[in-house]
Amino acid sequence: MNCRFNTYNYLIIEQYLLKSFAMKRIIVVGNGMVGYKFCEKLRSQTKELEVIVYGEEPRPAYDRVHLSSYFSGTSAEELLMAPASWYVENNIQLHTGEL
């Protein structure tokens, strides 16, 4: 199934979730830039929700926009949006894919 998720849809869902804190758990499917930014924004609003993130890649979210700089010497760690420790510090369960 190919699900298209544009910025407008993201903002509508984000506004709905941030206003509706009756939810106790949020599951984020996809740990790309948008998934990471959603978690970052969510944690800036509340720490009371359980957040679980599932990502297909074997590492935390990285900056895909600047991925080509990897070939110029930028390390994989420098391309991370946040290290795995950020998820732990923000009480977010991160499940990544296998290598």
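**Sheet, helix and salt bridges in a predicted model**

User: How many salt bridges does the count come to in this predicted model?
Analyst: The model is a predicted one. A pair counts when a side-chain nitrogen of Lys or Arg is within 4 Å of a carboxyl oxygen of Asp or Glu. By this rule the count comes to three.

User: Which side chain meets Glu50 in a salt bridge, and why does the pair tie together parts that are apart in sequence?
Analyst: The N to O distance in this salt bridge is 2.9 Å. Glu50 belongs to strand β2 and its partner to strand β1, so the pair ties together parts that are 25 residues apart in sequence. The partner of Glu50 is Arg25.

User: What is the strand order of the open sheet?
Analyst: The sheet has three strands with parallel pairing. Strands β1 (25-29) and β3 (92-95) each pair on one side only, as edge strands. Neighbouring strands are turned by 15° against each other on average, direction ignored. The order is β1-β2-β3.

User: How many bridges join β1 to β2?
Analyst: Ile27 has its place in strand β1, and its bridge partner in β2 is Ile52. The two strands run parallel. The bridges that join β1 to β2 number five.

User: At about what angle to β1 does helix α2 run?
Analyst: Helix α2 comprises residues 33-45. The helix lies across β1, β2 and β3. Its angle to β1 is about 160°.

User: Which residue in β3 is the bridge partner of Ile52?
Analyst: Strand β2 covers residues 50-54 and pairs with β3 in the parallel sense over four bridges. Tyr54 stands opposite His95 in β3. For Ile52, the bridge partner in β3 is Gln93.

User: What accessible area do Ile27, Val29 and Tyr54 have together?
Analyst: Patch members need over 30% relative accessible area and no salt bridge, and nonpolar side chains are joined within 5 Å. Ile27, Val29 and Tyr54 form such a nonpolar patch on the surface. Ile27 is placed in strand β1, and Tyr54 stands opposite His95 of β3. Together the three have an accessible area of about 330 Å².

Terms used: Residues numbered from 1 in each chain as written. Predicted model: local features only at pLDDT ≥ 70, side-chain atom pairs only at ≥ 80, totals over all residues. Heavy atoms only, no water. Pairing = 2+ DSSP bridges. Axes fitted to C-alpha atoms, helices over the stretch in contact; angles between N-to-C directions. Contact = heavy atoms within 4.5 Å. Patch = residues over 30% accessible without salt bridge, like charges linked within 9 Å, V, L, I, M, F, W, Y side chains within 5 Å. Areas by Shrake-Rupley, 256 points an atom, 1.4 Å probe, with all protein chains shown as cover.
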